Amino acid sequence: MLCKTAATHSFSPCRFQETCLRVLSFCNSNSLKEGVCVHSPIIKVGLKDDLYLNNNLLSLYAKCFGVGQARHLFDEMPYKDVVSWTTVLSAHTRNKHHFEALQLFDMMLGSGQCPNEFTLSSALRSCSALGEFECGAQIHASVVKLGFEPNPVLGTSLIDLYTKCDSTVEPYKLLAFMEDGDVLSWTTMISSLVETSKWNEALQIYVKMIEAGVYPNEFTFVKLLGLSSSLGLGNGKLLHAQIIRFGVELNLVLKTAIVDMYAKCRRMEDAIKVSNQTPEFDVCLWTTIISGFTQNLQVKEAVNAFLDMELSGILPNNFTYASLLNASSSILSLELGKQFHSRVILIGLEDDIYVGNALVDMYMKCSHITTDALKAFRGIALPNVISWTSLIAGFAEHGFEEESFQLFVEMQAAGVQPNSFTLSTILGVCSKMNSLVQTMKLHGHIIKTKADIDIAVGNALVDAYAGGGMVDEAWSVIGMMNHRDPITYTSLATRLNQRGDHEKALKVITHMCNDEVKMDEFSFASFLSAAAGLGTMETGKQLHCYSVKSGFERCNSVSNSLVHLYSKCGNMHDAYKAFKDINEPDAVSWNGLISGLASNGHISHALSAFDDMRLAGVKPDSVTFLSLIFACSHGGLLDMGLEYFYSMENTYHITPKLDHYVCVVDLLGRGGRLEEAIRVIETMPFKPDSIICKTLLNACKLHGNVALGEDMARRCLELDPSDPAIYLLLANLYDNAGLSEFGEKTRRLMRERGLRRTPGECWMEVRSKIHLFSAREKIDEDEINEKLEFLITEIKNRGYPYQENEDNSPQRQRGDADKGSSERGAALRQVAGTELLDR
């Protein structure tokens with residue numbers, strides 16, 4: 001209507017100009033985009049060069065149509081003053097186009113136009129956002145030169161710059177910018193310190209603010225309450241008390257901040273009390289309450305809060321639904337997640353970035369398939385780095401490593417730069433794929449983009465290199481990292497354990513101590529696992545002692561590792577004692593005890609421990625049944641072992657894995673039921689591997705079934721032709737069946753193919769030092785034989801039975817000649833009171 005009126009009565013250009021200015025001023029004040037309708041009449045009547053009109057139009061375009069159209073109008077303006085430059089520059093800063101804002105500032109100076117305090121303030125805020133400290137310092141010099149230094153607006157912007165960009169400036173020095181600082185200046189400084197995680201300094205400035213006689217307002221407290229998750233409940237309560245003391249009005253913004261503080265400190269009862277202190281509620285407060293319940297895993301209460309919100313007539317927004325979808329993910333409830341997804345579709349929020357990210361996360365965590373997550377991702381209008389990272393991580397967790405890597409490539413092609421979480425995830429994918437080439441390519445990208453300063457990325461690189469066997473490269477990455485934490489060294493130790501390099505894993509402790517990085521319960525568990533792998537009781541006991549002093553013995557991961565350590569060393573007394581010290585044994589604890597008892601020959605005790613586990617209310621898992629079937633196999637309890645196997649699916653709804661079928665074949669093979677064993681192999685839902693075929697081949701050797709043994713040997717060789725154990729098992733089968741000629745031919749064939757069996761090894765610990773003996777080790781036999789003769793004589797003189805080991809196989813006698821001398825050396829040390837462990 002205003003435009004039509006203006007067009008009808010525009011008899012005089014001056015009068016028309018005045019009318020247009022009123023329209024534009026009114027629309028600018030109320031952010032009404034309809035005001036741009038005067039732009040066309042302005043051009044028609046020849047006022048397009050009017051600077052005052054153009055500045056008002058520029059402001060309206062910037063507010064209602066974004067920086068793109070505002071910049072287009074600005075570039076077409078024939079005349080520009082400081083207001084024009086400041087308007088377009090501040091619009092770029094507000095819309096986070098900081099690089100373009102600084103370019104405009106340079107162009108302004110180049111045009112000879114002198115900036116005012118508002119221009120300088122916008123430029124300083126862009127410098128803060130970009131971390132451009134040098135540029136900001138130059139602008140500060142201009143502030144001083146132009147005499148604007150006491151200006152409170154600029155003082156606030158300078159505080160923001162130095163707080164965020166220059167860590168060398170102490171917070172109290174920034175007070176120089178605020179001689180007569182008001183509450184806005186102080187709050188800005190506190191806000192900047194909070195945003196840069198300088199929490200203690202923020203509290204110090206708050207104290208100085210009170211001492212200076214400047215009383216905080218609700219915005220000051222909103223910023224300070226954001227610290228509560230880092231500084232704890234005590235400080236949060238103190239701030240709440242000060243809000244009451246200063247009589248600050250409990251408006252919705254402040255009430256929401258207090259509710260959020262209590263929610264993050266896991267005090268939802270207090271959060272609800274605060275929310276009910278005033279009757280005002282809005283969507284932000286309800287979403288904070290729902291999010292608080294979700295963070296505290298109170299999903300039922302979160303859903304009830306959502307229903308109460310709808311009953312109150314307040315409509316949920318995208319953040320509300322994102323919190324509810326996160327609640328569904330936290331309890332892995334696909335059904336609940338789908339219900340909220342249907343709500344999202346009904347109100348048209350499925351393309352929202354926050355809702356879309358939550359949908360991707362929910363479907364990846366709750367569903368066994370990736371189709372729904374991928375569909376949700378494709379529905380996001382503009383996927384960001386979080387969207388891509390959630391999708392990549394989800395595919396990796398579902399075992400689709402190649403697809404996740406392809407998505408990473410697609411992400412880069414889309415122009416989305418990976419963050420530290422993306423890089424850590426994709427490095428984990430490379431480790432699973434055992435793709436060292438891709439790991440090295442990613443390492444180059446990380447160095448190029450300076451992402452290696454992030455400790456999470458460095459830790460992921462260490463894990464990827466160590467997992468691929470490139471231990472030297474892993475150490476090199478550790479050496480180049482600015483900071484290292486327990487995860488750094490735990491990743492390396494864990495990978496070394498997985499590769500069997502237990503001695504190197506234990507040496508990591510020295511590096512960790514030299515680096516002054518304290519061990520946590522996870523690093524302790526890794527080092528105890530290394531000690532167990534070596535059978536080093538002394539090292540294990542030292543670690544046990546340190547764990548008691550450090551209080552880590554209360555952690556289940558450490559206690560479980562202690563049970564494993566003592567079991568591996570054959571000390572079931574201490575293993576059981578370590579188990580009894582666990583306050584609440586979990587499935588891993590019970591599995592460690594059962595496995596230890598079974599592997600040390602205490603079969604009945606192992607089965608009894610399983611009964612105790614059930615009575616304790618701990619649900620067995622697949623590992624439990626693996627140990628039970630193993631125990632039955634080595635204890636000759638064939639029927640009981642089969643009963644345990646069949647109860648997995650029938651009673652406990654656990655699907656047997658290939659390892660379980662291997663144990664069942666071993667169980668049947670040891671019992672002589674070879675036909676049943678072959679039926680298990682042929683009917684199981686897995687493709688047979690060489691291990692299960694070798695297991696049955698060994699059973700054929702024990703029971704002399706040549707025909708079936710030859711068939712198993714043939715299958716084994718098709719699967720793994722380079723395994724010398726297959727040839728030796730078959731040769732021994734022939735020898736036991738009286739077919740020595742075929743046994744000799746089998747061994748000759750093995751030699752012709754360049755295959756050699758791994759030499760037998762044993763080791764022992766003497767005075768905290770590991771001594772390794774190998775079958776091919778050359779040892780002077782004269783002294784050893786002399787000692788052995790002495791020992792044999794002593795054994796006979798004391799009345800103990802003694803019998804020479806008889807092995808009539810010529811090949812065995814020749815093959816074990818060197819091994820005998822090594823084992824004699826080990827036996828002498830055994831007599832001296834040391835521990836011997838056969839590998």
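Contact means heavy atoms within 4.5 Å. The model is predicted: local features need pLDDT of at least 70, side-chain atom pairs count only at pLDDT 80 or more, and totals for chains, interfaces and linings use all residues. Residues are numbered from 1 along each chain as its sequence is written, and side-chain values use heavy atoms, without hydrogens and water.

**Exercise 1. Decide whether helix α21 is enclosed, and list what covers α21.**

Step 1. Helices are DSSP runs (H or I, at least four residues), numbered from the N terminus. Helix α21 spans residues 353–366.

Step 2. Count burial (under 20% relative accessible area, 1.4 Å probe, protein chains only). In α21, 11 of the 14 residues are buried, so the helix is largely enclosed by the rest of the structure. Among them are Ile 353, Leu 359, Met 362 and Cys 366.

Step 3. Find the cover. It includes α19 (318–330), α20 (334–347), α22 (371–378) and α23 (385–397).

**Exercise 2. Classify the packing of α28 against α29, then describe the contact.**

Step 1. Take the axes, lines fitted to C-alpha atoms over the stretch in contact; angles run from 0 to 180 degrees between N-to-C directions. Helices α28 (471–480) and α29 (486–498) pack at about 175°, axes 11 Å apart.

Step 2. Apply the cut-off: over 145 degrees counts as roughly antiparallel. Therefore α28 is roughly antiparallel to α29.

Step 3. List the residues. Val 471, Ala 474, Trp 475 and Ile 478 of α28 meet Thr 488, Tyr 489, Leu 492 and Leu 496 of α29.

Step 4. Sort by class. The contact has 7 nonpolar, 1 polar and no charged residues.

Technical notes. Helix = DSSP H or I, 4+ residues; strand = E, 2+ residues; numbered from the N terminus. Parallel < 35°, antiparallel > 145°, perpendicular 65-115°, else oblique. Nonpolar A, V, L, I, M, F, W, Y, C, P; charged D, E, K, R; others polar. Expected span 1.5 Å × (residues − 1). Buried < 20%, exposed > 50% of the residue type's maximum accessible area, 1.4 Å probe, protein only.
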